[in-house]
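Dear colleague,

Please find the structure below, together with its sequence. My notes on what was found in it follow directly after.

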Amino acid sequence: MNEDLLLDVRNLQTYFYTPKGVVKAVDRVSFNLHRGEVLGIVGESGGGKSVTGFSLLRLIEYPGRIVGGEVIFKGVDLLKKSEQYMRSLRGKEISMVFQDPMTSLNPVYTVGNQLEESLILHQDLTKEQRKRRCIELLTMVGIPNPEKRLKDYPHQFSGGMRQRVIIAIALASKPDLIIADEPTTALDVTIQAQILKLMKKLSEETGSALILITHDLAVISELTDRVNVMYCGNLVETGHTKAVIQNPAHPYTEGLLRSIPDIADTKPRLEPIPGIVPNMYELPQGCKFSDRCKYCQSVCREQEPPLLEVGRGRKVLCFFPLWKEE
Amino acid sequence: MMLQRIAESDFFYHYRRSATAIVSSFLLFFIVFVALLGPLLTPQDPYALSNLHLANAYKPPAWLPGGELRFLLGTDQQGRDILSAIVYGSRVSLFIALLGVLLSSTLGILIGLLAGYVGGRLEAAIMRFADIQLSFPSMLIALFLMTTFGRSVVNIIITLTLIGWVRYARIVRGETLSVRKKEYIEASRVIGYSDIHIMFREVLPNVLNSVIVLSTIQIGTFILLEATLSFLGLGVPATKPTLGMLCSEGFSVLYSGLWWVSFFPGLYIVFIVFAINLFGDFLRDQLNPRLR
């Protein structure tokens, strides 16, 4: 077994059993992650990115359920473990950073209090050690005057500062994996860059692997080593970020890339992907992207496309990949 | 340190600038002070039968002809000093109302948290039951319970608890539903907290504001409810007269011109409830940011 392999997800299936029907939010998704690696998950809203993240921690709420697959973290299949085991793992070995820093901190406790919570839960430290560690963590995420700020309440922090605190909480127990679910979507553009750089820097320093969930391809290209593109619960393309962005193999990836405005104006005009994300209750037969795909052929509407290996570490869910390694 | 934090808080800032708040808290302070130190202040111990002389019966208040200074607010049919009886009666009334609020809020919070956090069928069952109970007038339920269990201080507190929990449960459940969706609750699950911890340490502090506001209103309501029950002869036993019981005792002679026996205890009930509601209003304005 590969020592370096941190997480191996195989055929993960998370379905939501709603009164209107079954929604396959994550459908047979497989990917893996090495220690210290930064993986991006990108796609439109409703593509199953966040559900994938929550599935890894087994925090899927009713009516959702993980119905199949394996989530092998450090050689252990998390889907076979008890809830108690998962609780001891959450926040300690896998932690998470959320989208909205405004609501991710409990307004009734001080920041120091909330930082300490995770330390109390997962580490055996004395009160004095915990305080020192809290100050150390706040310093790490670049909060000035940490000793004093520990006693402040969340409403006394700005959005960017709160996100730093949340990152500090996520890092508190030196996890091996951090899942960041759109960590910068709710922040100002200038702050976004700071926070992303900070996350990248900290994951390099601490050796934590990072899964970055976002719909922002610029963020993906800037920060990640590899990228998973998701569409309607399927993993449609995966590969090294540079390769995927230079030579997208799936029509959806190509569409995503073409719809980014370019400040240098090298593209004649924006090309949005036509149509909208299909209703998850009435997915088209065959390839789920077929209705919006300009390369669509009759076979795409009849059969589900295969996951083709088109290069080293490069897979694409398509009958007619746009790119293939020579 | 603690004092300094209070002095610097928003709450204190608004408190100092609100006439209602200052006046009502002084009234409340007075009421609590009288109730706590009552036995030391009153001219007479109304429970000691040896102090009572029938010769002193139905003395009018001191400023009316025939009144005596030692019976400032007059006496009742047993020659009991009304002022002393009010002070002693307020002790029992407040004790019952406060304990009733404490127990009903505890019960209501537990049930409401459970319903709001767990959801599903449990929630539906609890809330339908609450709806049914709320559709009965609370007086009717109180009459039913008191006639079934009999008159005693314990029974009246149980009755108040069984009546009062519903409002707490509804409010707490509603707030829990909205707090539960917040990301900090998700975040504490991600850190690895158990559901029990999340319910009591993360959700509960965020719903307490409404509970506090409701409690002030409930204290007033409970004092009135207890007074009404006592007035109807279904409240506390006669050996521990509450304010409502005092009113009831004077009622029979009200039309004989002996108005003071009922009037002053009744006035004190109004005074207490007024002070509590006034303070409750201020709290509601302060603790509910939507109303600011």
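**Strands of chain A**

In S5(A), Val76(A) is the bridge partner of Phe73(A). Please note that this is a predicted model. Strand S5 (residues 76-77) of chain A runs antiparallel to S4(A), and 2 bridges join them. Together, S4(A) and S5(A) form a hairpin with 2 residues between them. In its turn, Lys74(A) has a positive phi of about 50°.

Strand S4 (residues 64-73) of chain A also pairs with strand S1 (residues 5-18) of chain A, in the antiparallel sense and over 8 bridges. Arg65(A) in S4(A) has Tyr15(A) standing opposite.

**Domains of chain A**

Chain A is divided into two parts: domain 1 covers 5-93 + 173-317, and domain 2 covers 106-172. Their C-alpha centres lie 30 Å apart. Domain 1 of chain A gives 16 residues to the contact, and domain 2 of chain A gives 14 residues. On the side of domain 1 that touches domain 2, helix H7 (residues 189-206) of chain A supplies the largest share, with 7 residues. That side of domain 1 has 10 nonpolar, 4 polar and 2 charged residues.

**Contact between the chains**

Chain B has 13 residues in contact with 20 residues of chain A. Two or more residues on the chain B side come from each of helix H8 (183-191) and helix H9 (195-231) of chain B. H8(B) provides the largest share of that side, 7 residues. By class, the chain B side divides into 5 nonpolar, 3 polar and 5 charged residues.

With kind regards

Methods: Residues numbered from 1 in each chain as written. Chains lettered and ligands numbered in written order. Predicted model: local features only at pLDDT ≥ 70, side-chain atom pairs only at ≥ 80, totals over all residues. Domains from an automatic or database assignment. Contact = placed C-beta atoms within 7 Å. Helix = DSSP H or I, 4+ residues; strand = E, 2+ residues; numbered from the N terminus. Nonpolar A, V, L, I, M, F, W, Y, C, P; charged D, E, K, R; others polar. Pairing = 2+ DSSP bridges.
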